[in-house]
Amino acid sequence: MHIPKRRASLLASLLLAATALSGINPPTASAAPDPVTVTVNARAGLATVPDTALGVNHAIWDQNLGTAETSDLLRDAGVQMMRYPGGSYADIYHWKDHTAPGGYVAPNTDFDTFMAAVQRVGAQPMIIANYGTGTPAEAADWVRYANVTKGYGAKFWTIGNENYGNGHYGSAWEADDHPDKSATQYARLVIEYADAMKAVDPSVKVGAVLTMPGNWPDGITAGSDPGSWNQTVLSLAGGKIDFVDVHWYPGGTAAESLARTSHIPDATYLLRQQISRYAGPNADRIGISLTELNVDAGRTTQPAALFLADAYSELLENGIFTVHWWNVHNGIGTVSEVAGQTDYNDFGMLSSGTCTADGSVCEPPLNTPFAPYHGLTMMKLFAKAGDQFIRTGTDEPLVTAHAVRRGNGDLAVLLVNKDPDNAHQVAIDYAGFTPSGAAPTVSTLTNGAGGIATSQSGTATSRTLPAYSLTTLVLRPAGTTAGRPTAPGQPTASGVTDRAATISWPAAAPGRSPIAKYEVYRQNGAVSEQLGETTATSFTVGNLVPGSRYTVNVLARDTAGRVSWASPPLTFATGSPADGACTVHFTTSNDWGNGYIGGVEIINNGTSPINGWTLTWTWPTGWQQVSSGWSATWEQVGTAVRVTPTDDNRQIAGGGSVSAGFVGTYSGPNVLPTAFTLNGTVCATG
């Protein structure tokens with residue numbers, strides 16, 4: 001029985017493509033004339049691949065949930081985590097009697113059947129406790145049955161699914177029987193759930209539902225909540241949870257979805273900012289899972305495969321501990337042709353073998369893999385547990401790249417050609433890694449292919465990427481990597497000001513020779529900029545730019561010149577001066593999900609008047625805009641904003657202030673500016 005996903009994306013139109021791309025047409029054999037430069041920087045370390053990285057959703061309305069054929073296909077694709085009992089169904093599902101009042105429960109989909117499938121796949125479960133129509137006691141009983149009675153060792157438990165969709169913000173698709181549907185009430189009950197579940201098994205990890213920054217209802221406050229959904233839940237329940245759970249459906253055309261993976265670094269940065277700001281002490285212990293992901297266009301064809309590999313990689317390299325495709329089986333939708341292939345508009349990565357209502361079109365036989373299944377299989381070949389992502393970059397928006405380094409010294413590079421019409425020649429430059437002269441192992445997924453083709457061919461530095469394709473290269477290093485120091489530990493930042501920060505890290509272990517020094521590098525795109533070196537395990541970096549984000553790594557170099565792999569990354573942001581000749585108060589209010597009312601108050605901290613003024617700042621992203629303003633003249637060119645006075649507020653008296661307002665809009669994560677310049681002077685902020 002086909003039970004459609006309750007929605008693909010809510011207010012997906014709020015997200016604007018980061019890059020304007022052409023529409024999807026059948027691919028041709030033509031090649032773009034200019035080679036694309038790909039930079040792979042082994043000195044710029046990102047997150048390490050966890051053993052929970054590659055996930056999928058299972059649903060109780062899927063009668064094939066527990067079959068050996070389905071499980072074996074998921075195992076072959078490298079699935080490491082499986083979510084149950086299925087999206088919004090989780091908030092109507094009662095595990096004890098295996099019922100979902102108001103929904104359909106297929107035979108052979110009970111919890112024990114699911115766990116048998118998890119074990120056959122060799123994965124871990126992600127279980128959704130029923131918040132909408134359940135109780136903390138019911139969830140605690142489930143933990144007891146799973147981990148005490150049956151010994152399953154189910155570690156990860158989320159409290160509900162998309163519970164902000166309960167009508168509190170005006171849209172209601174998620175079941176919620178509580179009279180109080182506020183974020184405050186959800187947070188209070190998350191505490192009760194966590195206490196009850198951990199009383200049974202203190203080792204379980206409990207997650208709370210949040211929304212992805214830049215997606216509805218991010219930024220919206222309703223009722224008597226003290227802030228938005230994320231702020232309220234984190235402020236009240238942050239001390240009790242171990243992770244937060246978000247979903248992301250970028251929406252739009254195939255080209256727009258493929259471009260919107262560029263939103264991921266800023267969205268994850270904002271989410272971590274929210275966790276750090278609101279969740280209380282030791283907030284950095286709180287992980288992030290992303291347990292629903294899919295596209296609106298090309299769901300069973302190549303765009304979905306390209307999106308899956310690109311988005312999974314981007315999310316994992318930004319430290320998300322598990323990413324889940326929605327879902328394993330779903331059923332046929334409105335059939336169309338995408339990039340020369342039949343698209344069944346099916347959220348599943350495996351065919352359900354269903355037909356349209358009139359029987360005119362049928363899917364391939366049951367469990368035939370669709371394109372996103374092959375995209376997931378490519379991820380298995382590319383990024384293995386324990387690998388460390390490293391920074392990459394390209395000079396062509398239609399070609400993206402990701403890379404990992406492996407413990408044995410190998411390097412794997414994933415190349416994504418999002419151009420439906422043209423092959424692209426790429427020239428690959430490596431920093432901090434020298435590939436051997438041997439032909440790399442090459443895995444390729446082309447448009448319309450029934451699987452991944454693997455061979456050993458070509459060189460490490462040049463490749464032609466077919467139109468609309470995924471390509472993974474696995475490279476051996478030239479020479480030996482033995483004897484080098486271990487990577488330094490996780491760096492931390494302290495004493496961060498507008499211009500400086502002190503970076504500290506746990507010492508590296510020496511290899512064959514003593515450690516001579518540590519080198520501190522900033523990730524500047526895909527290029528590493530050395531900030532300094534020291535024989536100690538801390539270093540104070542100066543000459544930083546106010547209001548800027550920095551990601552740094554530390555490397556160890558021994559007396560023989562051997563260099564370690566990069567440390568885990570540290571990201572921090574400089575602020576504004578603690579005091580100065582001026583202060584700017586930047587405010588936002590009445591956020592409606594893709595815009596808000598903004599305001600700036602400019603304070604003259606001196607005793608002499610300022611006669612004529614120009615206030616400037618730079619938006620952190622390319623999808624933020626001043627759409628209109630008042631009490632000043634507002635201009636924006638690119639990401640740069642310039643505000644100048646009207647005739648009646650040209651002068652700011654000593655100790656006085658002027659104010660102006662604007663309507664701000666955004667079509668992705670809304671990262672607010674933190675540095676403002678008045679007549680060339682950087683102001684304090686408050």
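Student: Before we start, what does "buried" mean here?
Tutor: A residue is buried when its relative accessible area is under 20%. Keep in mind that this is a predicted model.

Student: Okay, so how many residues of α9 are buried?
Tutor: 10 of the 12 residues in α9 are buried, so that helix is mostly covered by the cut-off of under 20%.

Student: Which ones are they?
Tutor: The buried set in α9 is A371, P372, Y373, H374, G375, L376, T377, M378, M379 and F382.

Student: What span should α9 have, at 1.5 Å a residue?
Tutor: Its 12 residues should span 16 Å, and the end C-alpha atoms lie 17 Å apart, which agrees.

Student: At what angle do α8 and α9 pack?
Tutor: About 35 degrees, with 7 Å between the axes of α8 (residues 302-317) and α9 (residues 371-382). The crossing of α8 past α9 is right-handed.

Student: Which residues meet there?
Tutor: From α8 you have Q302, A304, A305, L308, A309, Y312, S313 and L316, and they meet A371, P372, G375, L376, M379 and F382 of α9. By class, this contact has 11 nonpolar and three polar residues, with no charged ones.

Student: Switching to strands: what is the order in the five-stranded open sheet?
Tutor: The order is β32-β33-β30-β36-β37, with antiparallel pairing.

Student: Why is one side of β32 and of β37 left without a neighbour?
Tutor: β32 (633-637) and β37 (681-682) are at the edges of the sheet, and each has a single partner strand, so one side of each stays without a neighbour.

Student: And how many bridges join β30 and β33?
Tutor: Four, between residues 615-618 and 640-644 in the antiparallel sense. W617 stands opposite V641 in β33.

Conventions. Residues numbered from 1 in each chain as written. Predicted model: local features only at pLDDT ≥ 70, side-chain atom pairs only at ≥ 80, totals over all residues. Heavy atoms only, no water. Axes fitted to C-alpha atoms, helices over the stretch in contact; angles between N-to-C directions. Helix = DSSP H or I, 4+ residues; strand = E, 2+ residues; numbered from the N terminus. Left-handed = near helix turned anticlockwise from the far one by under 90°. Contact = heavy atoms within 4.5 Å. Nonpolar A, V, L, I, M, F, W, Y, C, P; charged D, E, K, R; others polar. Pairing = 2+ DSSP bridges. Expected span 1.5 Å × (residues − 1). Buried < 20%, exposed > 50% of the residue type's maximum accessible area, 1.4 Å probe, protein only.
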